[in-house]
2 protein chains.
Amino acid sequence: MILGVLGGMGPLAGAQFCARLTLLTPAARDQDHIPFLLWSDPSVPDRTAARLGTGPDPLPALLRGLRGLEAAGARAIVIPCNTAHGWFDAMQAACPLPILHIVDAAAVDLARQGVRPGRIGLLATEGTLAMRLYQERLQAAGWEVLVPPPGVMTGCVTPAIEAVKAGRPEASTARLAEAAAGLVAAGATAVVLGCTEIPLGLPEGAARAAVGVPVVDTIDALARAAIGWARPAV
Amino acid sequence: MILGVLGGMGPLAGAQFCARLTLLTPAARDQDHIPFLLWSDPSVPDRTAARLGTGPDPLPALLRGLRGLEAAGARAIVIPCNTAHGWFDAMQAACPLPILHIVDAAAVDLARQGVRPGRIGLLATEGTLAMRLYQERLQAAGWEVLVPPPGVMTGCVTPAIEAVKAGRPEASTARLAEAAAGLVAAGATAVVLGCTEIPLGLPEGAARAAVGVPVVDTIDALARAAIGWARPAV
């Protein structure tokens, strides 16, 4: 049962997903791990630009990757890019394999960490916010999603995501910590790192712990969902 | 020009290769990065066991991965596992794509770091040592390869590699530092981390710096070779 990973969005997030999938899988030796294929196509047009109307549609490139993974033997798909889930329905309609939704994985991780439905904070791309990906999928279950004000998006979150995509995750930590603190001050009882670049800029350790409320790392959440698919008994 | 990465040996080393490939590529945004496919098949039989005569031949699984990468569109191959290079000639004979050899990449990295031909130390699996992979490929160019004594292999290096494969890289650091110190004490002017699990156990930072001589990280060396293939002008 090979897992297909549609990555490259960005490429560091895709690689980190593979590392976390490996580290979170109970295993004593190579042969205990989950077989997977990572399709890392960084040429997929920028998802936020497409949503905001300033760039080309990424769907053809996304479907090309899904077809490649299916042809190579994958039996389920994960996509370690939150914003790409704005095209989830079109991808799932075109792909016969199950695609594990990253927002569902985040919701499962909120429950795993003991967070009760209520007010949560979301750090994500402008595209994910504009598409209301989290709001639409979570509100029926009783979640209220707080997002940073526009000035924090343009001054902190967006430049932090760009720094990770440029290979400088350490340059984004202070900005992400500031944005997370703003969400907590506004009443968030948990913060979802709802862009897979963000966990790289706010890695496990002092800066993430300083957020002071449970943090959902959507790379880890998606890795746990994939392990649940591949190893239902674990 | 898609790069094919034959990984899974171990899976954490393959994921780390993808992360380092990304971080070492000059890029400002996703679309500047190198497209690649990672075939992570952790079921490839253990390479050291095969070489020592205690396990099955990994070649059929290696060739299956190469065929899968070629079918999916790869145009060159890298294999982030030193020991698997014991089957390099058979793989290259069966695969029409160029395979970038990890020992050649290590030699280029020694030169990049200013190490002159002479006595170098090698930390690697029992299989890589038994096959004399480094000795045979480097001795004509004037390199003398020092390896740890048997007691250090069984007491430090082998258990350290096993800890990384079990998802506990931090448990291997002290053992690897001790083994590296022994090579330097024996006259090594550089230490090659000639197993792709080892850089994960001796990551960049204090423990690696304490080795006191140039260290060749074969994950990084292979990533630089791949970037040279994909971006010859860089």
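The model is predicted, with local features needing pLDDT of at least 70, side-chain atom pairs counting only at pLDDT 80 or more, and totals for chains, interfaces and linings using all residues. Residues are numbered from 1 along each chain as its sequence is written, chains are lettered from A in the order in which they are written, and side-chain values use heavy atoms, without hydrogens and water.

**Area.** I looked up buried area, the accessible area (1.4 Å probe) that two parts lose on being put together, summed over both. Chain A and chain B bury about 2600 Å² between them, 60% of it on carbon and sulfur atoms. Asp30(A), Gln31(A) and Pro42(A) supply 22% of the area that chain A buries against chain B, more than any other three residues.

**Salt bridges.** I took a side-chain nitrogen of Lys or Arg within 4 Å of a carboxyl oxygen of Asp or Glu as a salt bridge. The rule finds four across the interface of chain A and chain B. In one salt bridge, the side chains of Arg47(A) and Asp30(B) meet at 3.0 Å, N to O.

**Strands.** I noted that β2(A) pairs with β2 (residues 36-40) of chain B in the antiparallel sense over five bridges; strands are DSSP runs (E, at least two residues), numbered from the N terminus, and pairing needs at least two DSSP bridges. Leu38(A) stands opposite Leu38(B) in β2(B).

Key. Helices (H or I, at least four residues) and strands (E, at least two) are DSSP runs, numbered from the N terminus.
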